[in-house]
Amino acid sequence: MKKLVTTIFFLTFLLLAGCSTQSEKAATPSEKEVKVSKETKISKNGSIDADYNIPENSKELENKSEDIVKVKLVKNKKIGDYDKEKMEYSSTISEVEVLETYKGTFKKGDKIDVSEPWYLNEGAYESIENYIALEQEQEYTLFLRGGHDSEKLSSIISMGYGKFNEDLKETDATLTDFDNLGEVEAYNFISEEQEEVTNYTEIKEDVLKEFND
């Protein structure tokens, strides 16, 4: 099952900052250290829809993944943003520590980079398909692909369907129902479609049984 594209968008990855010159220059917005917190506002522009596969069960996720790992967030290495001139969105690149490996070649203790489909638009949180960012002090089971080439950047399978947390909740909602990240941090998955929430919840139950002993 695939979702239809309702908004044209481009996802690009942020480039690492270039080499510094001998003369000092003022940092550009993309070079400044940007962080998010509970007070970070949720954008009222709404979440962008995307074309992606919605899994029917946990086995489908498992078969499409190169790696299945339990992780915790170390830090956001590069926070994505929206380029008004180019009308392009860049994904956030987060560093996570591998706590357990269920499939693939990553080892316990490895620190890997994961692309997350969220970014800041004029300082406000926006994401693709109501994706909710990984949080500090939480553990997640991630279904990943990529990350084994020269870029060393893994991506999460099927947007929010590719990450699971035992304690966080799922609910029928959209990001614009919340004012800031502090309000949405209790949730790991949200959707305006109750059918999607039910599907995710059923998959989550299977994932927790199989991969969280």
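The structure described here is a predicted model. The relative accessibility of Y131 is 1%, and the residue therefore counts as buried, the limit for that class being under 20%. Beyond its neighbours within four places in sequence, Y131 is in contact with E116, P117, W118 and Y125, and also with I156, M159, G160, K163 and L175. Between Y131 and T174 the C-alpha to C-alpha distance is 9.7 Å, with a separation of 43 residues in sequence.

Y125, one of the contacts of Y131, is also named with L142 as having the most contacts inside the largest nonpolar core, a set of 28 residues. At least two residues of this core come from each of the strands β2 (67–78), β4 (88–103), β5 (111–116), β6 (118–121) and β8 (139–146), and from the helix α2 (181–184). In soluble globular proteins, nonpolar side chains tend to be buried together.

With neighbours within four places in sequence set aside, the contacts of L142 are D67, I68, V69, V71, V114, L134, I156, G162 and K163. A separate core of 20 residues includes F143, I203, V207 and F211.

The mean pLDDT is 87, and 84% of residues reach 70 or more. Over residues 4–31, however, pLDDT stays under 50, although the model has 35 contacts beyond four places in sequence for this segment. Where pLDDT is low, the predicted coordinates should not be read in detail.

How values were computed
Residues numbered from 1 in each chain as written. Predicted model: local features only at pLDDT ≥ 70, side-chain atom pairs only at ≥ 80, totals over all residues. Heavy atoms only, no water. pLDDT = per-residue confidence, 0-100. Contact = heavy atoms within 4.5 Å. Core = buried A, V, L, I, M, F, W, Y, C linked by side-chain atoms within 4.5 Å. Buried < 20%, exposed > 50% of the residue type's maximum accessible area, 1.4 Å probe, protein only. Helix = DSSP H or I, 4+ residues; strand = E, 2+ residues; numbered from the N terminus.
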